[in-house]
Structure formats: structure tokens, C-alpha cells
Amino acid sequence: MTDDAERKMQFLYALRSKGVTDTRVLSAMEAIDRGPFIRGIFSDRAYEDMPLPIACGQTISQPSVVGLMTQALRISPRDKVLEVGTGSGYQAAILSKLARRVYTIDRHRRLVREARELFDTLNLNNITAITADGSFGLADQAPFDRILVTAAAEDPPGTLMEQLKMGGTMVVPVGQSDSIQHLIVARKTPDGIEYEELRQVRFVPLLEGLGKDA
Ligand code: SAH
């Protein structure tokens, strides 16, 4: 087996062993190489199941956490998905393989620009990346079938919940920054919002306003 094939097999094995079992999610993660989303000195660690530093003091999430969040969203091919927290663009790229349309927002202009370049290079033509404060969502494209927040909020953001379709699902890490956060799955039903708690996670905080470079 080539080094590449072996690395890929180990990467997928690590995902499965951490609970990512949905075959559509696993195929999407097999199709999107994490390597190009990590620039600089950490690029040789792209296939390890670890979060890694990216530009603007942010982090690309751990692949198994990306897998679990994506799995929890239960995306169908016709869905319009909003991601808050583009970061490297890796998560958005995976969402783009599963959904009809992906909108992704980050407060750092540089991250959005670099992610856009990668989406173009990889021919991922159903992603729109926007520089904005994602706490306000994207009113002109709402409502969304699925919303994924990849930065930690103190509560599931109300504005985003309003932009979720009835029957839709939002996945968001909830908790004070730098302490214990829980991955929450929130489902909008006619009887109200149903919450499910998945596991402990650690994300950078959801911050207000635009980043300094923006
Ligand atoms: N999903 C990313 C990782 C996200 S890291 C990936 O796949 O690489 C969290 C990101 O959330 C950071 O890039 C940070 O800039 C962004 N962020 C934090 N608060 C935000 C806000 N209010 N609006 C938009 N983006 C925000």
C-alpha cells in the first residue's frame, strides 16, 4: 500500500473508532483532503485526529469532532446549510459534499479570503463564504435547513434559531470559553425546541464584531 493510501485508511479508522459511522459523512470526509486546509509548520500533521492552529489565532477542529457534528446534522442532499465560523474552510468543504448549498461566515476577512481560494481550487462551487459577524446569521438567505456553529456560544444563539426552518437542526458548542463546553443538538419542532447533549468539546469562543484584520 502507498503511504497516501495507508494514511487515508488510518484517518478513516480513527474517525470510525471515535463514533463517526454514517457512511455518507465518511465518504465526504474521504473526498476532502484535510492537507490543503492547513498551511505552514503544522501541515505535516494534517492527518492526525487533532485540532491545529490556523491563521488569525484560530484553530481547525479535530477531524473526529467535525465528523460527529456533521453526522448530528443529518444533512439531506436538498438542504441549505449555514455554518458560522469558516476558519480554514475544512468543515464547509465537507458540508458542501452533503448539502445543496452552503453559506459560511467568519469574522476574519483573511480566513474567508483564503477559504474562498481553496473552494475555487477544489471546484467546490456550492459554497458562499462571507465576512461578517455570524451571530446575526444571514437574514437574506434564511431560513436554513441546518445550522452549524463552530465557535462556542454561551447559549444557543437566538437569532440563529429564528433563521432555522421548522423541523430543522442546529448543532452548536455551548459553554463559557476556556471551560467545559457541550456539543448541543437543537431541533426546532412545532412543540418547541428539543435539545440533546452529545459530548464535551473545546472550541474557540464566538466573538462579537469583525476581527482586527477585517
Ligand atoms: N470550522 C472551522 C473551524 C472554526 S474555528 C474549520 O473547519 O476550520 C472558529 C471560527 O469561528 C474562527 O475562525 C473564528 O474567527 C470564527 N468566529 C468566532 N466568532 C465569530 C462570529 N461572531 N462570527 C463569525 N465567525 C466567528
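Predicted model: local features only at pLDDT ≥ 70, side-chain atom pairs only at ≥ 80, totals over all residues.
Arg74 is exposed, with 62% relative accessible area, where buried denotes a relative accessible area under 20%, exposed over 50% and partly exposed the range in between, for a 1.4 Å probe and protein chains only. Residues are numbered from 1 along each chain as its sequence is written, and side-chain values rest on heavy atoms, with hydrogens and water left out.

Arg74 is found in the loop between H3 and E3, helices (H or I, at least four residues) and strands (E, at least two) being DSSP runs numbered from the N terminus. The phi angle of Arg74 is near 45°, a positive value in a residue other than glycine. A positive phi, near 60°, also occurs at Asn123, which belongs to the loop between helix H5 (109–121) and E5 and counts as exposed at 56% relative accessibility. Most residues other than glycine have a negative phi, and most peptide bonds are trans. The peptide bond from Ala142 to Pro143 is cis, with omega near 0°, and Pro143 is located in the loop between strand E5 (127–131) and strand E6 (144–149).

The largest pocket holds about 590 Å³ of space. On a 1 Å grid over the protein atoms alone, a pocket is an open set of points with protein on both sides within 12 Å along at least five of seven lines, in contrast to a cavity, where a 1.4 Å probe fits but cannot get out, and lining residues have an atom within 4 Å of a point. Grid points are joined across faces, edges and corners, and the volume is the space filled by probe spheres set on the points. The largest pocket is lined by 37 residues, of which Thr59, Thr150, Ala151, Phe203 and Val204 are the closest to its centre. At least two lining residues are supplied by each of strand E2 (59–60), helix H3 (63–73), strand E3 (80–84), helix H4 (90–98), strand E4 (101–106) and strand E9 (192–201), and the largest share, 3 residues, comes from E9. The lining comprises 16 nonpolar, 15 polar and 6 charged residues, with Ala, Val, Leu, Ile, Met, Phe, Trp, Tyr, Cys and Pro counted as nonpolar, Asp, Glu, Lys and Arg as charged, and the others, Gly among them, as polar.

Helix H4 is largely enclosed by the rest of the structure, because 8 of its 9 residues are buried; among them are Tyr90, Ile94 and Leu98. The structure contains 3 aromatic pairs, defined for rings of Phe, Tyr and Trp (its six-membered ring) with centres within 6.5 Å, where planes under 30 degrees apart count as stacked, over 60 as edge-to-face and the rest as tilted. Phe11 is buried at 8% relative accessibility, whereas Tyr47 is partly exposed at 24%. The rings of Phe37 and Tyr90 are likewise edge-to-face, their centres being 5.6 Å apart and their planes at 65°. With Phe37 in the loop between H2 and E1 and Tyr90 in helix H4, the pair ties together parts that are 53 residues apart in sequence. Phe37 is buried at 3% relative accessibility, as is Tyr90 at 1%. The charged end of Arg34 sits over the ring of Tyr90, 5.8 Å from its centre, a relation that requires NZ of Lys or CZ of Arg within 6 Å of the ring centre and within 35 degrees of the ring normal.

In total, 8 salt bridges were found, each a side-chain nitrogen of Lys or Arg within 4 Å of a carboxyl oxygen of Asp or Glu. Lys18 and Asp49 form one of them, with the closest N and O atoms 2.7 Å apart.
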